[in-house]
Amino acid sequence: MVRTTFAVAFLLFISISLALGQEKLSAESASAILQKNFASAYNRGDLDAMAAAFDENAIRVTPSGIFQGRADIRRSFQEALKIGLHDYSVRRVISHSEGSFILNVGEWQAKVGDQPFHGYYSAILAGEGDETRIIEETVSIAAP
């Protein structure tokens, strides 16, 4: 159960960090495209497309561990998909730009079977236009 909980948090965080809302039109467009592409990839189980949302040198911090680099992040998603996570959703609470960076903070929820899970996330994104990528992401699971 603990492993499942950690895996759920890990996978969900990626979908959460993609819920972007920026002050600049180009950042909003890039965010919407990134979010749409990730959700579609997740629903297809397309690990390569999911990992592509992250910068090559991105870092993810989850209850399952620290993952550095796109290849390591991809492997972590592969493990997370095995548990059958479904019905995930994200609610962004805070989103703002700082120079060329975008900060997002919010809540996530999902299910494994009939078991609901929820937690919190923060993500830092960088880039220009459709090259916007997640460079750092941290995910937590809410205490029961």
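At 1.5 Å a residue, helix 4, with its 12 residues (70-81), should span 16 Å, and its end C-alpha atoms lie 16 Å apart, which agrees. Four of its residues, I73, S76, F77 and A80, are buried. They cover an arc of only 100° around the axis, so they fall on the same side of helix 4.

Six strands form an open sheet with mixed pairing, in the order 2-1-6-5-4-3. Strand 2 and strand 3 (85-98) are its edges, each pairing on one side only. From one strand to the next the twist averages 15°. Helix 4 packs on this sheet, where it touches strand 1 (54-62), strand 2 and strand 6 (133-141). The direction of helix 4 makes about 50° with that of strand 1.

Elsewhere in the sheet, strand 4 (residues 101-112) and strand 5 (residues 115-126) pair in the antiparallel sense over 12 bridges. In this region V105 stands opposite S122 of strand 5.

The mean pLDDT is 77, and 72% of the residues reach 70 or more. Over residues 6-25 pLDDT stays under 50, although the model has 96 contacts beyond four places in sequence for them. Where pLDDT is low, the predicted coordinates should not be read in detail.

Note on methods:
Residues numbered from 1 in each chain as written. Predicted model: local features only at pLDDT ≥ 70, side-chain atom pairs only at ≥ 80, totals over all residues. Heavy atoms only, no water. pLDDT = per-residue confidence, 0-100. Contact = heavy atoms within 4.5 Å. Helix = DSSP H or I, 4+ residues; strand = E, 2+ residues; numbered from the N terminus. Expected span 1.5 Å × (residues − 1). Buried < 20%, exposed > 50% of the residue type's maximum accessible area, 1.4 Å probe, protein only. Arc of directions from axis to C-beta. Pairing = 2+ DSSP bridges. Axes fitted to C-alpha atoms, helices over the stretch in contact; angles between N-to-C directions.
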